[in-house]
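Let's take a friendly walk through a protein model. Keep the sequence and the 3D view at hand as you read.

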Amino acid sequence: DLSLPFAVGQCGNQVGCRFWDLALREHAAVNKKGIYDEALSSFFRNVDTRSGGDGPGIYKGKICSLKARALLIDMEEGVVNEILQGPLRDVFDSKQLITDVSGSGNNWAVGHKLYGYQYQENIVEKLRKTAEHCDCLQCFFIIHSMGGGTGSGLGTFVLNLLEDEFPEVYRFVTSVYPSGEDDVITSPYNSVLAMKELNEHADCVLPVENESLFDIVNKINQMVNSGKLLSTVKQNSLVTSSAGSVKTLQEKPFDAMNNIVANLLLNLTSSARFEGSLNMDLNEISMNLVPFPRLHYLVSSLTPLYTLADVNVPSRRLDQMFSDAFSRDHQLIQADPKHSLYLACALLVRGNVQVSDLRRNIERLKPSLHFVSWNQEGWKTGLCSVPPVGHSHSLLSLANNTCVKPTFIELKERFMKLYKKKAHLHHYLQIDGMEQSCFSEAVSSLSDLIEEYNELDATKGGPRTDPSRLKIAV
Amino acid sequence: MSIVTVQLGQCGNQIGHEVFHCLCSDIHGTHGLCSSKENQSYQDACKERFFWEEESGVPVARAVLVDMEPKVISQTLSMAARSGCWKYSHQSHFCQKQGSGNNWANGYSVHGPRHKESIMDLVQKEAEKCDRLGGFVTIMSVAGGTGSGLGAFVTQCLRDAFPASFILNHVIWPYGTGEVIVQNYNCVLTLSHLYRSADALLVHENDVTHKICSQLMNIKHISFRDVNQVIAHELGSVFQPSHTAEGGPDYARNPLGDLMETLVPHPEFKMLGLRNIPHIPENSLPYSTFSWPGLIRHLRQMLIANAQMEEGIDWQVRPPPPGSCPPSSHSTKKPLHFNTSIANLVILRGKDVHSVDLGSFQDPSLYTSWLSPQDALNAWRTPRAFNKYEKSASLVSNSQFLLKPLDSVVGKAWNMFASKAYIHQYTRFGIEEEDFLDSFTTLEQVISSYTTL
């Protein structure tokens with residue numbers, strides 16, 4: 001079960017960095033003896049540094065030096081350099097990095113067409129090398145933002161490459177969508193151009209909106225600073241916290257938000273890394289949550305956002321966790337799944353939670369949710385025994401729900417505002433390979449997607465004709 | 001004769017482990033309520049059937065463990081070894097890394113052919129260790145990708161490689177409110193394929209076992225482990241050594257053969273249901289006593305009224321009076337109150353088994369007319385008590401027990417199929433719409449056959 005994350009662009013690498021940090025912390029908490037085990041091997045290689053850091057992998061026994069299985073790509077050096085000078089410097093080696101100096105100027109075309117073409121060979125070579133070290137590659141992860149140039153453009157270029165080179169391996173993408181007040185003016189262009197690629201080449205997309213992350217961070221800060229709580233909040237349990245950090249205020253503005261996304265990825269992969277009574281692998285997520293190829297956008301929510309210090313967890317609090325998972329406040333995009341239509345839903349529980357707890361809560365919540373007619377009991381469930389650090393249990397919910405529609409509609413509106421006036425188009429069209437048709441095709445692809453969601457909402461997925469059963473001659 | 005167990009997928013391996021654990025714990029228990037000679041005989045028969053011995057004296061399960069990801073097998077092997085009283089052989093497992101993704105097509109069309117040689121190699125080795133091979137039992141769930149898809153493929157391979165051996169599929173049906181969203185598709189594909197290769201299918205439904213845990217065993221926070229332990233107990237009650245009617249003083253040598261012979265007179269009818277009573281929380285066992293007439297009365301009514309457990313039985317349901325037409329219904333929508341049987345096997349274990357009157361189970365109105373009532377009912381009576389229960393009664397039934405659940409699964413799968421949801425996930429690995437239609441047709445035929453009993 002191996003996954004290979006690609007962090008592309010500034011946002012992607014910042015989130016990626018948080019992810020590796022938290023993953024190490026999570027494995028350290030469970031793996032007291034320092035043995036290199038199956039769980040670790042899904043994300044890290046074990047290398048003997050005496051042979052120069054790029055030695056053959058050590059498959060058993062004690063941990064020597066852990067190297068993340070990853071590719072870090074950025075067309076500016078700032079973020080990657082920081083990672084290499086920070087506490088994670090030994091986790092990556094130079095052969096996993098692809099960097100340039102001047103950045104993509106927040107221009108999708110520069111990222112996709114210019115750098116894509118320029119770095120194609122380099123990326124493919126590094127990809128093949130990294131994949132060689134994996135026994136059995138199950139899926140690729142791309143972490144990027146949609147609004148800029150590198151993450152958005154080069155990130156989706158990499159997506160295409162992955163499909164060409166390894167068509168059998170699942171492609172999961174975590175995409176950070178810009179908010180309406182994003183200070184990058186051309187972010188709607190970049191996002192819509194990237195959306196077309198996601199529509200056509202991704203198996204599964206987990207959209208995340210900065211606005212939602214921001215709201216969650218504020219909510220947590222209010223809770224922590226308000227002093228209303230009688231018990232203290234466990235610092236390391238904050239879904240926004242950095243490893244080992246004691247401060248509640250983060251140093252950099254996006255750190256807390258990036259931590260949330262990193263936690264999303266940790267929870268998503270937990271069942272593939274740790275044991276449980278009902279495992280849920282990544283390829284199962286794609287299988288169960290994507291009933292039609294293009295409808296592969298999943299709304300995620302993480303609960304709880306923090307844990308209180310008292311250890312005993314009465315049932316009520318457990319049930320509260322399930323209720324919260326469906327509340328609008330906990331979704332990572334601006335959406336309200338409860339008032340839209342579910343095509344499918346997955347619940348991955350971590351910690352000391354049993355199948356009866358899971359069933360009780362599904363029974364309780366089901367009546368208030370609207371499921372499509374051909375999938376009335378469309379629940380996919382997973383139970384992983386190991387909880388996240390600082391928590392006794394946690395829940396990740398992934399929903400294929402028409403509530404993503406507003407996000408896409410708004411994106412299209414912002415795009416059209418610029419496109420009608422042909423604002424900034426020349427920056428794109430001057431890049432080799434870019435034509436106006438790229439834009440019209442991209443917005444057309446987005447419109448088609450929106451239309452599919454509209455149709456579902458209108459029909460509630462109900463059958464046009466009553467599907468009568470096959471008759472057997474007696 | 002020995003039975004080789006093939007554990008497939010997470011469910012198959014988790015349950016398989018609980019089964020061997022239950023068997024071992026039963027034979028080492030001191031609650032046999034019989035002479036030490038009888039006890040020794042029981043132990044020896046069980047060991048020969050399910051274990052072989054290595055030099056250290058620790059019994060090794062006659063089992064092949066198969067999974068497409070490593071975590072469960074790894075856990076299963078170490079838990080068994082830790083028990084100290086039995087273990088799995090370290091050479092009897094096959095696993096891969098990437099899993100089947102809950103995709104039946106992936107299990108059947110990709111993993112199956114790819115790993116056929118390695119898996120059948122392991123099976124062959126286990127079969128060769130048996131002095132006399134009595135047949136195979138596979139344990140799998142129908143909901144996922146490995147147990148179901150790869151399990152169906154392996155069953156086919158078993159049939160091809162061992163044409164004369166008995167094959168019983170023990171299948172687990174998932175909770176109705178999803179564990180896996182495509183579970184109904186996987187179930188339809190699995191059952192239709194198993195039907196062609198196996199001699200019989202023995203079914204456990206998670207919803208039923210769960211109810212037993214909550215209402216009878218008083219377990220507050222039911223885990224899969226609890227569910228699996230009940231299933232293991234029920235299987236053990238069937239497969240531990242028994243005396244059959246013709247068997248004489250020795251334990252019957254050919255349990256699978258006997259089972260098939262008594263219960264499956266016609267290849268169109270292979271669905272076997274299992275009921276076992278009583279179920280008591282472990283700490284209440286020493287304080288509970290039951291009477292055989294009471295147990296038999298309950299068991300018979302559970303059969304007639306199609307009850308899932310010994311509580312909440314509908315006592316109003318009665319077999320039709322003699323001389324009237326057998327109740328048949330051509331529409332599956334009509335509620336089937338009375339459960340018609342083709343054949344039944346009652347397995348009694350414990351105190352005073354030989355005095356038990358089973359005449360009520362021979363009532364011809366319970367059965368179709370194909371077999372005489374004497375042939376339709378078989379009884380195995382074993383004085384040696386099972387798993388600390390002073391008296392224990394199991395019913396393996398070829399009847400309409402599973403008709404409603406089967407019809408429900410096929411209905412839901414068909415509903416989803418009509419919208420073509422998820423089909424692209426299967427065609428990606430080579431299972432086409434026609435394959436689905438074939439499977440639906442096979443199962444509608446089975447449903448129709450059981451409906452018109």
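A:Pro304 is found in the loop between strand E9 (299–303) and helix H10 (315–325) of chain A. Here helices (H or I, at least four residues) and strands (E, at least two) are DSSP runs, numbered from the N terminus. This is a predicted model, in which local features need pLDDT of at least 70 and side-chain atom pairs count only at pLDDT 80 or more, while totals for chains, interfaces and linings use all residues. Residues are numbered from 1 along each chain as its sequence is written, chains are lettered from A and ligands numbered from 1 in the order in which they are written, and side-chain values use heavy atoms, with hydrogens and water left out.

What is the peptide bond from A:Thr303 to A:Pro304 like? This bond is cis, and its omega is near -10°. In chain B, B:Pro278 sits in the loop between strand E9 (271–277) and helix H10 (292–305). The table puts the two cis bonds side by side.

| Peptide bond | Form | Omega |
|---|---|---|
| A:Thr303 to A:Pro304 | cis | near -10° |
| B:Ile277 to B:Pro278 | cis | near -5° |

Another loop of chain A, between helix H12 (405–420) and helix H13 (425–429), holds A:Lys422. Phi of A:Lys422 is near 55°, which is a positive value in a residue other than glycine.

## Helices that pack

Two packed helices are described by the angle between their axes and the distance between the axes. Axes are lines fitted to C-alpha atoms, for helices over the stretch in contact, and angles run from 0 to 180 degrees between N-to-C directions.

In chain A, helix H5 (residues 150–165) and helix H6 (residues 187–201) have axes 9 Å apart and pack at an angle of about 15°. H5(A) and H6(A) are therefore roughly parallel to each other (angles under 35 degrees count as roughly parallel, over 145 as roughly antiparallel, 65 to 115 as roughly perpendicular and the rest as oblique). Their contact (heavy atoms within 4.5 Å) involves residues of H5(A) including A:Leu159 and A:Asn160, and residues of H6(A) including A:Ala194 and A:Leu198.

In chain B, the axes of helix H1 (residues 9–28) and helix H8 (residues 224–239) come within 8 Å and cross at roughly 55°. That is why H1(B) and H8(B) are oblique to each other. Among the residues that meet are B:Ile15 and B:Val19 in H1(B) and B:Ile231 and B:Leu235 in H8(B).

## Salt bridges and the meeting of the chains

How many salt bridges does the structure hold over all chains? There are 34, where a salt bridge is a side-chain nitrogen of Lys or Arg within 4 Å of a carboxyl oxygen of Asp or Glu. A:Arg128 and A:Glu165 form a salt bridge, with their closest N and O atoms 2.8 Å apart. This pair links distant parts of the chain: A:Arg128 is in helix H4 (residues 108–132) of chain A and A:Glu165 is in H5(A), 37 residues apart.

Now look at where the two chains touch: 56 residues of chain A are in contact with 54 residues of chain B. The area buried between chain A and chain B is about 4,500 Å², with carbon and sulfur atoms giving 52%. Buried area is the accessible area (1.4 Å probe) that two parts lose on being put together, summed over both. On the chain A side, A:Met287, A:Arg469 and A:Leu470 lose the most area to chain B, together 17% of what that side buries. Five salt bridges are counted between chain A and chain B. The side chains of A:Glu377 and B:Lys412 also meet in a salt bridge (3.3 Å, N to O).
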